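Welcome! Take a moment to look over the sequence and the model, and then let us walk through them together.

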Amino acid sequence: MLLLISIKSTLKLCFPFDFRFWVQLGFCLRRQLGVIVPRRRADPSHMRRFITLVEVVLVLASVGEAPWVVMGSSHCKQTSTREVRPHSVTITEFGAVGDGVTLNTKAFQNALFYLNSFADKGGAQLFVPAGRWLTGSFDLISHLTLLLHNDAVILGSMHSYDWPVVDPLPSYGRGRELPGGRHRSLIYGRNLTDVVITGDNGTIDGQGSVWWNWFNNGTLNYTRPHLVELMNSTGVVISNLTFLNSPFWTIHPIYCSQVLVQNVTIVAPLDSPNTDGVDPDCYISTGDDLISIKSGWDEYGISFARPSSNIIIRNITGETLSSSGVAIGSEMSGGVSEVYAVGLNFFNSNTGIRIKTSPGRGGYVRNIYFSDITLTNVKTAIKFTGQYGEHPDEFYDPKALPIIDKITIKDIRGDNIRTAGLLEGIEGDNFFNICLSNITLNVTTATPWNCSYVQGFSDLVSPEACEPLREKISPQYSSACYHLSNHLRCPIDRNKSTWLL
């Protein structure tokens, strides 16, 4: 199952042309936004097969390409998730029927067309009352609040023709799964400003099972749609909602700035394909990576050149049977840097920390910092893969080699770990300055480490690190290891489990 915030990131225009995610965390942020985030407890009735958000405090980030930047609140005016709009309508005023059968795509489209006339008059709100509101894909508008009642469920149509095909992302050059276009997300928007999608724990259900079947049977014609995708937009809030059964990635801000996703539960079956997720301060269980950071695919990502940078991930607990707790790549051709992840707890999982890349990717992954990690029943604690393969087409340049440099991993404890580390760089393109510190893993195999084409340092690592990483982290080498940048260095009150920026 999947709890996801697509990250992989408050609000109001600060840097309109550099496409940066502004991530602000903790009680500090919530006070500034005027947001009260309730604590939720798991409902045992859902623990049979679906996961529940246990204690949501704040959600960070999105699976996307744009950078995510932490900035001081003094730079911008903040926007509340419940900012009062001067104009409001209900979806039933436009003929919508909440019986779970009637298709309401036209009603949503007509309501939003009408509300667009208030964009320059303080904005507007579209209220979705209790009911089951079946719809195909629809476009949002600027200066909008889409507000769901607690008992409102927006249902995605199970017919592919209700999800129009759109052009591929420029940083991917083609659909992620198939050449050509891709189906548009259920809730979609581009070039928007000041958009809030919120509710009293209302639900958006993509009814993705039909898409998963088409994927597994090889009968897709185009790449599957996301549940929510916003492109080239700024000042976006997604909060206080439950997202279920996305056909593909769940929440996908792409080339966006100042995106806040908080107090969100996202759920999909454990065997649902590619339902990647990011959800700090939450329990996550998914069929793919819990947190996935990307930045473009091969020659398309290199030429588009939109890095993902300055990302804070904090307090993740979760499991993934087939993938990783935190993964960077494999689409990292635009570059990934300045990532800080702390307070991670992964169990019953395939891999703890993973970096994936390949010849042809180009780009870089550098200045990455992992700390305070607990692993239980994990097959491989740390895994770097330099030959991940899978390219968009035959035009990629195999000589475009990625740069992997300054990766710091420290303060890890692990029980019942099969392999401590499987670190495979690229021949002729070593991964440099891999720094391991204060790591204790109870490993069940006789060969705990397997390393090739990597170079780095280690200190207080048990079992002892592989030969290429055995150089001690002495003062003369400390500059080779990445240390937390000042603008990411935030005091932590662990009693409150918050960030204070």
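The protein chain has a mean pLDDT (the predictor's confidence in each residue, from 0 to 100) of 80, and 77% of its residues reach 70 or more. Over residues 277-283 the pLDDT is below 50, yet this stretch has 59 contacts (heavy atoms within 4.5 Å) beyond near neighbours in sequence. Where pLDDT is low, the predicted coordinates should not be read in detail. This is a predicted model, in which local features need pLDDT of at least 70 and side-chain atom pairs count only at pLDDT 80 or more, while totals for chains, interfaces and linings use all residues. Residues are numbered from 1 along each chain as its sequence is written, and side-chain values use heavy atoms, leaving out hydrogens and water.

Now to the charged pairs. A search of the whole structure finds 12 salt bridges, each a side-chain nitrogen of Lys or Arg within 4 Å of a carboxyl oxygen of Asp or Glu. In one of them, Asp194 pairs with Arg85, the closest N and O atoms being 2.8 Å apart. Asp194 lies in strand 13 (residues 193-199) and Arg85 in the loop between strand 2 (68-69) and strand 3 (87-90), so the pair ties together parts that are 109 residues apart in sequence; strands are DSSP runs of E, at least two residues, numbered from the N terminus. Both Asp194 and Arg85 are buried, meaning under 20% relative accessible area (1.4 Å probe, protein chains only).

Arg176 and Glu331 also meet in a salt bridge (2.5 Å, N to O). Arg176 is buried, and so is Glu331.

Definitions and conventions:
Helix = DSSP H or I, 4+ residues; strand = E, 2+ residues; numbered from the N terminus. Buried < 20%, exposed > 50% of the residue type's maximum accessible area, 1.4 Å probe, protein only.
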